[in-house]
Amino acid sequence: MLYVVVAGALLLLLAFTAMSVSAAAAAQREQRVRLSERQVLVLGALAAIAVVVWGFSGFFRVQSEELGVVLRFGKHVRTVQPGLNYHLPYPIETVLLPKAL
């Protein structure tokens with residue numbers, strides 16, 4: 001759920017950055033919208049940050065009394081032992097942490 005909120009916030013920020021040209025100036029320009037070099041750099045940096053945050057969201061910890069079950073698109077892929085582990089970030093893989101017997 002946090003990923004959806006972060007993605008939505010980034011999309012809003014991108015929209016506001018792209019709409020920084022006033023309506024009067026936009027009417028005078030060509031119909032084709034051109035981004036300045038700085039706007040392109042900002043958009044690229046935001047996209048890179050979003051990808052890095054998404055990638056780091058794949059780390060998870062399995063406690064000693066738990067067993068990690070990794071699901072890829074809802075199907076069991078592997079079972080992991082306690083400790084720090086990694087799975088492909090949501091929505092590709094998810095982790096269930098049931099109590100071990």
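1. The model is a predicted one. The protein chain contains 3 helices and 5 strands.

2. Burial and surface. Of the 101 residues in the protein chain, 19% count as buried. The accessible surface of the protein chain is about 7800 Å², and carbon and sulfur atoms account for 68% of that area.

3. Contacts along the chain. Among contacts in the protein chain with a separation of 6 or more, 52% are between residues 24 or more positions apart.

4. The sheet. Three of the strands form an open sheet in the order β3-β2-β5, and the pairing is antiparallel. The edges are β3 and β5; each has a single partner strand, so one side of each has no neighbour in the sheet. From one strand to the next the twist averages 30 degrees.

5. The β2–β5 pairing. How many bridges join β2 and β5? The two strands pair in the antiparallel sense over 4 bridges.

6. Salt bridges in total. A search of the whole structure returns 3 salt bridges. As background, side chains of opposite charge can pair when their charged atoms come close. The next three points take the bridges in turn.

7. Lys 99 and Glu 65. These two residues form a salt bridge in which the closest N and O atoms are 4.0 Å apart. Since the cut-off for a salt bridge is 4 Å, a reader may want to keep the 4.0 Å value for this pair in view. Lys 99 is in the segment after β5 (93–96), and Glu 65 is in the loop between β1 (59–62) and β2 (68–72), so the bridge ties together parts that are 34 residues apart in sequence. Lys 99 is exposed, at 57% relative accessible area, whereas Glu 65 is partly exposed, at 40%.

8. Glu 93 and Arg 72. The side chains of Glu 93 and Arg 72 meet in a salt bridge with an N to O distance of 2.5 Å. Glu 93 is in strand β5 and Arg 72 in strand β2, so this pair links distant parts of the chain, 21 residues apart. Is Glu 93 buried or exposed? Glu 93 is buried, with a relative accessible area of 1%; under 20% is the limit for that class. Arg 72 is partly exposed, at 34%.

9. Arg 78 and Glu 93. Glu 93 also meets the side chain of Arg 78 in a salt bridge, at 3.9 Å from N to O. Arg 78 belongs to strand β3 (residues 75–80) and Glu 93 to strand β5, so the pair ties together parts that are 15 residues apart in sequence. Arg 78 is partly exposed, at 27% relative accessibility. Through shared partners, the salt bridges join Arg 72, Arg 78 and Glu 93 into one network.

10. Surroundings of Arg 72. Arg 72 sits in strand β2. Which residues does Arg 72 contact, leaving aside its neighbours within four places in sequence? They are Val 77, Leu 88, Ile 92 and Glu 93. With Glu 93 there is a polar contact between the two side chains at 2.5 Å. Ile 92 is 20 residues from Arg 72 in sequence, while the C-alpha to C-alpha distance between them is 5.8 Å.

11. Asn 85. This residue lies in strand β4 (residues 83–86). Asn 85 counts as buried, because its relative accessibility is 18% and the class covers values under 20%. The side chain of Asn 85 reaches the backbone oxygen of Gly 83 at 3.0 Å. Not counting residues up to four places away in sequence, Asn 85 touches Gly 58, Phe 59, Phe 60, Val 62 and Val 80.

Methods
Residues numbered from 1 in each chain as written. Predicted model: local features only at pLDDT ≥ 70, side-chain atom pairs only at ≥ 80, totals over all residues. Heavy atoms only, no water. Buried < 20%, exposed > 50% of the residue type's maximum accessible area, 1.4 Å probe, protein only. Polar contact = N/O pair within 3.5 Å; in protein donor to acceptor, adjacent residues only side chain to side chain. Contact = heavy atoms within 4.5 Å. Pairing = 2+ DSSP bridges. Axes fitted to C-alpha atoms, helices over the stretch in contact; angles between N-to-C directions. Areas by Shrake-Rupley, 256 points an atom, 1.4 Å probe, with all protein chains shown as cover.
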